[in-house]
Amino acid sequence: MNIIIMGPPGVGKGTQSHRIIEHHNVVHISTGDILRMAIRSGTDLGKKVKSVMDSGDLVSDDLMMELIKDRLNQEDAKKGWLLDGFPRTPKQAEAFVAMLKELNSKVDAVLVMRAPAEEIVRRLAGRITCRSCNEVMNLIGLGGNAPKYCPFCGEHEDNNRHKPALYQRADDAEETVRHRLEVFRKKTLPAAWILEEAYQLHEIDGIGRPADVAQRIESVL
Ligand SMILES: [Zn+2]
């Protein structure tokens, strides 16, 4: 089975992706992993990626396409894959559909996870991270107040800098979250509608317990 999973930050895509790859025995293909793997491989393609990234530029659509094609052609991807984080724009979606056609392959399901912006802001704005062990927890589950110490490693504060052990990452600040949601709505959702012209697309309600969301996903898979 070949699956694409899409969704805004904070919708629970990571949790569901892990479950899908275990449950359906498919390989997880994320753009971040592909870039890291390419660089590590030391191939011509990998060297090209390294020089682009070293210069601080973004990897072009064409290069990303080449990398994904390369990855899909590897032996372990033959049993099926879950593509995560790609395509992100309508142009990438069009190119991807054309590429799969060329490879004589297809996508069996496009999963688009959704949740209202207010719910996502509430979830992410409540996230706090431990400076010491990097464990992520949520204020919602902690009764709304940040504890004075980390419940996982016991760290009280950064002794050198006198900062509290638990802090909010810049990525999770409300303004940043709203901006990322806007980017998702304007660029990635239109990419999903392009995919829908070629493949079966399912919108998945991301609200509720992860087990409930998993059940919704299984009912369409
Ligand atoms: Zn900790």
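## Burial and overall form

A residue counts as buried when its relative accessible area is under 20%. By this criterion, 40% of the 221 residues of the protein chain are buried in this predicted model.

The protein chain contains eight helices and 10 strands. Its C-alpha trace spans about 55 × 40 × 30 Å along the principal axes.

## Contacts along the chain

Among the contacts in the protein chain with a separation of 6 or more, 68% are made by residues 24 or more positions apart.

## Surface and charge

The protein chain has an accessible surface of about 12,400 Å². Carbon and sulfur atoms contribute 49% of that surface.

The protein chain carries 31 positive and 32 negative charges. The mean position of the positive charges and that of the negative charges lie 2 Å apart.

Which strand is largely enclosed by the rest of the structure, and why? Strand E4, residues 109-114, is largely enclosed because five of its six residues are buried.

Strand E4 pairs with two strands that are described here in turn. With strand E1, residues 2-6, the pairing is in the parallel sense and extends over four bridges. Within this pairing, Met 6 has Val 112 of E4 as its bridge partner.

Strand E10, residues 201-205, is joined to E4 by five bridges, and these two strands also run parallel. Here Arg 114 has Asp 205 of E10 as its bridge partner.

Conventions. Residues numbered from 1 in each chain as written. Predicted model: local features only at pLDDT ≥ 70, side-chain atom pairs only at ≥ 80, totals over all residues. Heavy atoms only, no water. Buried < 20%, exposed > 50% of the residue type's maximum accessible area, 1.4 Å probe, protein only. Contact = heavy atoms within 4.5 Å. Areas by Shrake-Rupley, 256 points an atom, 1.4 Å probe, with all protein chains shown as cover. Lys, Arg positive; Asp, Glu negative; His and termini not counted. Charge placed at Lys NZ, Arg CZ, Asp CG, Glu CD. Pairing = 2+ DSSP bridges.
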